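Please look over the two chains shown here, first each on its own and then where they meet. The report is meant to be read with the structure open.

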Amino acid sequence: MAITINRRRFVLRTLGASLALPGMPSLLAKAAEGNAAIQTTKGAGAGAKRFVAVGNLLGFQQLSFFPETTGRNYETTTLLKPLEANRKDMTIYRGLDHGVKGGHFAVHSFLSGVLNSEAQNRPDGNVSIDQYMADEVGVETRFPSLTVGSEGGIHGGCQIAWTKSGVRVPPVTGPAELFSKLFVGDSEARRVRRVEENKIQASILDTVLEDANRLSKQVNSEDKDKLDEYFSSIRDLEKRLQLRERWTNHPKPGAPFDKPSNTNTVEDLPLLYELIALALQTDSTRIATLEIGGCFLPQNLGIKKAYHGLSHHGNDPETIAHLITLETYQIGEFGKFLTRLSKTQDGEQSLLDSTSVIFGSGMGNGSSHKNSDLPIILAGGDYRHGEFRKAEGSGSGKVPLCNLFLDIAHKMGVETESFGTSTGTFS
Amino acid sequence: MARPYQRCFSRSCFFLVTLMCSLTGNLVSEEPEIVFQFLGKYCLECHDTDIEKADREFETFGLPLKSEMDLVSAKEIIDQITLKEMPPKKADQPGEEERLEVVRALRAGVAAARGKIESTGARTVMRRLSNREYEQTLATLFDRRVDTLGLTADFPKEKTSHHLDTIGKSLVTSGFLLDQYFQSAQRLVESRLGKPEMEPKSWHFTKHFIQYEELSGSHKSAFNYEFLCLYEQPNTDTRQGGYGHIEDFLEGVPVSGIYEIKAKAQAMHRDTHYDASLFKIDFSEPFQLAVIPGDVTKGHIHYPQAIEPILGQSLVPDKEPTWLTFKVWLEVGQTPRFIFPNGPYESRASVMNVNKKYKDEFEGEISSSGVSRAHILKQGKLPHIRIGEIKIEGPLPERAGTREEIAVFGSKGFQPDDALNQLYAFGEKAFRRPLTDDDKALIAKTFGARKKDKATPRQAALDTLKMILCSPSFLYLAEVTEENDTKLGPFDLASRLSYALSSSPPDAELYAAAKSGALNKPEELKKQIERHLSDQNINRFAVDFLEGWLNLRDLGNQPPPRETNRLYYSENHPYSMKKEAQLFFRNLLQSNGPISDFIESDYTFVDKRLAALYQLPEEKELRLKDGFKRVSIKGNRQRGGLLGMAGVLTVSANGVETSPVTRGVWVSENILGVTPPPPPDEVPAIDGDVRGATTIREKLAKHAADKSCAECHRKIDPLGFGLETFDPVGRWRSSYPKPKGDAPAPKVDPSGEFPSGEAYADFHDLKQVLLTSRKDIFAKNLIRKVLSYSTGRNMEPVDEYIIGDILAAVKKDHYGLRTLVKESLASDIFRSR
């Protein structure tokens with residue numbers, strides 16, 4: 001890292017001080033411009049590529065979401081209305097999916113293209129695009145990635161982020177936890193203890209590796225794969241330890257406002273977006289995901305029904321109206337997040353230009369539990385935007401959603417020929 | 001690792017000989033022809049190599065069976081023909097004689113192939129301990145509960161296979177998890193063995209009981225914070241006084257240990273004249289007070305936290321403030337919190353309603369917003385628990401050092417001069433086998449390195465313990481044998497048995513039997529199985545196995561809407577639901593009762609709450625404190641067997657609505673062991689446009705009009721239709737919820753018909769059909785589940801021979817569950833790697 005710790009500390013404290021008012025993006029943006037946490041110097045994150053993905057559990061009403069007319073002159077549908085201000089910064093896609101089935105049980109393939117049940121048969125398992133890229137670029141930041149979401153929800157919820165070994169990355173579940181993770185540093189005594197703990201852990205890890213090496217000479221043929229899994233876990237942990245060592249001595253950025261307490265996912269949603277924006281802005285991470293899952297309760301928007309029950313709307317107009325209310329809220333908050341990023345300077349460009357943002361769901365038509373024809377918005381990331389694009393939904397010309405993910409990976413500087421079920425790049 | 005392979009050798013020879021004998025069973029010459037003719041006549045029209053309907057073709061299939069795939073096909077054809085599910089209704093049907101003949105021929109073919117078909121797998125891959133086994137193992141090694149530490153709270157949720165959490169292939173390890181193992185070992189070892197010596201201290205609290213912000217105003221004005229008040233049970237949506245903490249003791253206890261907590265408490269206004277329905281609880285029951293740990297650094301002190309096992313519980317007298325004493329284990333930094341487990345449901349709402357309904361009873365000035373809580377507290381009869389004084393003393397000294405010190409280092413506690421031997425002894429327990437020289441070298445190396453780093457001998461030993469708890473020999477059941485030998489060595493067998501029946505490492509007696517080599521003798525193995533089954537700890541098997549088999553683990557994952565299911569929450573129904581199934585299972589296991597009772601029984605186990613849910617007469621006589629009781633339900637057509645249990649009926653629905661399809665699939669998978677295929681690609685997705693239809697049955701009839709749907713649904717749906725008389729949380733019903741408008745509530749039609757023509761009128765008759773023609777299918781499924789759970793792998797086609805042998809033995813013994821478990825665990829499948 002080119003800048004000194006002191007310089008960084010100074011900048012972050014200044015940023016913290018001017019961030020005293022939460023929820024005021026314009027102020028935040030101004031502060032960042034004047035005294036940018038994101039340095040204009042190379043290597044401190046300025047202009048670095050970032051990625052955010054947002055997924056919900058039950059999809060969006062396709063009839064109210066997708067426009068008819070393709071190209072730049074697409075009409076603003078009911079659900080796209082809240083995004084009108086962001087029109088030039090985003091593209092809407094139709095016809096993209098992963099070709100998987102399973103209703104709720106397949107929603108978790110949103111960012112991977114692969115069902116977890118099939119993970120064992122694939123070299124990279126059902127790794128999701130965020131974790132795939134975090135493995136490559138994550139070492140640059142304190143957190144290789146941030147996974148924000150909830151444990152709850154029908155059949156396990158969104159379960160958006162997966163590692164290569166087919167393990168779900170446990171989510172940070174609320175603004176309070178996310179805030180602590182980002183801004184609350186350890187006391188000096190604790191820091192010293194951590195340094196010591198890291199050291200002991202590293203030495204134990206060496207010993208354990210020796211034990212595993214010995215075991216590998218004895219185990220039966222059917223056990224080899226499992227032991228390999230253990231070895232790769234050790235390698236992964238070694239990487240984690242190195243990171244932890246590096247960041248243990250490096251202070252976290254100053255807190256921009258007091259620690260919030262959790263209320264409920266509906267009311268917390270703006271705050272979660274704000275914290276994710278701050279995480280990007282302070283270069284605490286370059287990769288983040290957000291699940292809008294089982295904890296998003298309609299009752300907090302005044303609808304006394306269960307979300308899942310509503311999703312099977314049977315074309316009942318009143319039920320659909322409720323769903324539109326829920327979805328409009330989700331899309332509206334997403335729009336504000338885009339605006340927030342677009343007004344934040346990041347080196348020569350806006351933070352939105354540096355960040356590829358995917359928004360959508362692993363569920364296509366929630367009423368019939370289809371995982372095809374997924375609602376997909378790609379925003380930011382310095383693409384040519386402003387269009388509604390229809391991909392071939394079926395037949396031989398069918399384009400897998402993973403092709404779009406492959407484009408994103410390339411944008412992030414991750415060199416790979418394929419990702420998930422991709423057949424090539426999207427463009 | 002030195003293993004006594006030789007010892008098993010003679011036994012494997014014996015096995016080989018038996019195998020050879022079965023090879024001689026030859027096919028009678030006409031059997032291949034019978035099968036060929038039958039398939040050609042009734043099956044190939046759809047299942048030839050061109051059409052391959054449902055991905056099955058039998059053109060290349062025939063006797064003798066040549067591959068594992070053939071074996072699968074043969075089994076499937078036998079099942080389909082026996083249950084008359086194939087050929088489809090509209091096609092030509094074979095006569096009864098023809099059916100029997102081809103089934104006989106196929107069975108002979110399967111029998112003749114025994115030993116000839118090579119298994120592709122049928123091996124348990126080295127598996128790590130599942131999260132619950134891991135916690136249980138640590139609790140055993142340290143001889144104390146560890147649930148107060150929440151060691152696995154941040155572990156990734158376990159990946160299951162058919163709901164079982166012991167399948168080696170599915171139990172993945174990641175860098176993240178490995179890191180968690182380190183954190184966990186660190187926390188456990190340091191908090192339990194690295195704590196400073198401390199003389200007991202005492203604390204006394206008589207005032208300043210500040211609680212939840214919203215209560216502050218009223219508590220100050222009513223009694224100046226001199227009481228800690230509990231108004232509701234913790235399990236509510238709109239929190240208001242469900243958790244009582246001690247404001248002046250937020251820092252918690254200075255060191256992990258046993259603490260005596262005394263609280264002077266009184267149950268207030270249990271005889272209130274306010275309408276009981278405002279509180280949604282049973283005022284005939286004495287109020288309960290329980291102690292749970294809290295940690296102010298882990299989240300809001302008056303909200304639920306990740307770690308809150310109930311540490312102590314007591315009934316609260318009504319008459320006057322009474323000292324109640326709890327002896328509880330608290331971890332360093334934890335502060336005790338009080339809860340009111342059977343308290344009113346949602347205090348916020350009940351106070352508002354009291355305020356509305358009884359405001360005329362209050363004297364003095366009443367504000368425009370109504371009677372305040374303070375006002376109600378001063379003059380009214382709001383039911384609650386009131387604590388006025390709290391004393392804490394501890395850590396209480398334990399006789400002869402702490403339990404974990406003795407469990408880990410031996411009866412003398414840690415001895416610096418003998419540290420290495422003590423660590424070796426612990427290593428042997430942790431690895432569940434004698435240590436090799438290499439094991440010892442690693443332990444000595446770690447210990448030495450830490451000492452060289454200027455750690456005290458004790459600290460060096462503690463760090464070595466952490467290493468042991470992170471090494472693969474501890475985390476994995478490796479089950480290594482000579483490559484061409486497949487029988488488990490005695491120590492692996494001991495671990496497998498012990499984890500199967502007690503979810504923990506072998507106890508001293510089992511370990512001794514492994515060490516002497518006796519365990520590899522079938523009679524000793526049987527003796528050990530019998531001993532475990534008779535042990536009190538067998539309860540853990542009932543709990544853990546049912547979590548998997550019936551997927552009770554997921555009970556509560558799809559919560560029903562609170563407004564329409566108050567009792568489900570206020571009375572914690574999921575707890576009672578699970579308990580019923582566990583007691584039922586345990587009873588059959590202990591009494592060797594017939595497994596047909598799982599399908600139909602004239603008794604079950606209920607507590608007061610379930611008795612009410614089931615509308616049983618015992619609802620009146622049972623008291624909550626009596627817990628569960630076996631009750632006769634003779635003549636009751638609404639309950640009996642697993643399918644009449646609210647737990648099963650809830651976990652097979654989604655909390656909001658029921659469906660004969662999802663419940664049918666549940667029964668098919670978990671009771672009969674048949675996983676229905678997912679909808680094939682060509683089937684049009686069921687679109688939700690069902691405005692005209694009022695019941696799920698009508699909706700299904702609409703979908704099933706499509707032939708390709710009907711093919712599977714005619715097999716699945718009959719298993720679910722009979723369960724429609726139960727709502728999503730297991731309550732009996734005869735009609736569906738009333739739709740909007742003037743339309744009457746549609747009646748439930750619980751009748752069904754199987755493809756075989758077996759028809760039933762209602763739930764009770766459905767069970768009779770299952771008993772009559774599917775008892776052995778169920779029995780085999782249960783055998784497979786027990787074997788999969790205990791060996792850590794899913795059963796494969798070649799295993800079916802031994803499963804058949806087990807079934808024969810179980811049948812001979814009147815289908816006893818104990819026999820089933822014993823035979824399964826004594827089988828070659830269980831004893832092989």
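What follows describes a predicted model, taking each chain in turn and then the contact between the chains.

## Chain A: overall build

Of its 427 residues, 49% are buried. When contacts between residues at least 6 apart in sequence are considered, 71% of those in chain A join residues at least 24 apart.

## A helix pair in chain A

Two packed helices are described by the angle between their axes and the distance between the axes. In chain A, helix H4 (residues 129-137) and helix H12 (residues 401-411) have axes that come within 11 Å and cross at roughly 25 degrees. Because angles under 35 degrees count as roughly parallel, H4(A) is described as roughly parallel to H12(A). The crossing in which H4(A) passes H12(A) is right-handed.

The residues that meet are Ile129(A), Tyr132(A) and Met133(A) on the side of H4(A), and Phe405(A), Ile408(A) and Ala409(A) on the side of H12(A). By class, this contact of H4(A) with H12(A) consists of six nonpolar residues, with no polar and no charged ones.

## Chain B: overall build

Chain B contains 31 helices and 15 strands, and its C-alpha trace spans about 95 × 85 × 45 Å along the principal axes. The radius of gyration of chain B is 31 Å, which agrees with the value near 28 Å that a compact globule of 833 residues would have.

Of the 833 residues in chain B, 44% count as buried. Among the contacts in chain B with a separation of 6 or more, 72% are accounted for by residues 24 or more positions apart.

Helix H24 (residues 660-670) of chain B is mostly covered, with eight of its eleven residues buried. The buried residues of H24(B) are Pro660(B), Val661(B), Arg663(B), Gly664(B), Val665(B), Trp666(B), Val667(B) and Asn670(B).

Further along chain B, helix H28 (residues 763-791) packs with helix H30 (residues 817-826) at an angle of about 50 degrees, and their axes are 10 Å apart. That angle makes H28(B) oblique to H30(B), and H28(B) passes H30(B) in a right-handed crossing. On the side of H28(B) the contact is made by Leu782(B), Ile783(B), Val786(B), Leu787(B) and Ser790(B), while H30(B) brings Leu820(B), Val821(B), Ser824(B) and Leu825(B). The residues of this contact of H28(B) with H30(B) comprise seven nonpolar, two polar and no charged.

## Where the chains meet

How many residues does the contact take from chain A and from chain B? Chain A gives 49 residues and chain B gives 51 residues. On the side of chain A that touches chain B, the elements giving two or more residues are helix H6 (188-216), helix H7 (224-248) and helix H9 (307-311) of chain A. H6(A) provides the largest share of that side, namely twelve residues.

In terms of residue class, the side of chain A that touches chain B divides into 14 nonpolar, 20 polar and 15 charged residues. A reader examining this side may set that list beside the helix pair described for chain A, where the contact of H4(A) with H12(A) holds six nonpolar residues and no polar or charged ones.

Terms used. Residues are numbered from 1 along each chain as its sequence is written. Chains are lettered from A and ligands numbered from 1 in the order in which they are written. This is a predicted model: local features need pLDDT of at least 70, side-chain atom pairs count only at pLDDT 80 or more; totals for chains, interfaces and linings use all residues. Helices (H or I, at least four residues) and strands (E, at least two) are DSSP runs, numbered from the N terminus. The radius of gyration is taken over C-alpha atoms; the globule rule is 2.2 Å times the number of residues to the power 0.38. A residue is buried if 20 or more other C-beta atoms lie within 10 Å of its own, exposed if 12 or fewer, and partly exposed in between; C-beta atoms are placed from the backbone. Two residues are in contact if their C-beta atoms, placed from the backbone, lie within 7 Å. Axes are lines fitted to C-alpha atoms, for helices over the stretch in contact, and angles run from 0 to 180 degrees between N-to-C directions. Angles under 35 degrees count as roughly parallel, over 145 as roughly antiparallel, 65 to 115 as roughly perpendicular and the rest as oblique. A crossing is left-handed if the near helix is turned anticlockwise from the far one by less than a right angle, and right-handed if clockwise. Ala, Val, Leu, Ile, Met, Phe, Trp, Tyr, Cys and Pro count as nonpolar, Asp, Glu, Lys and Arg as charged, and the others, Gly among them, as polar.
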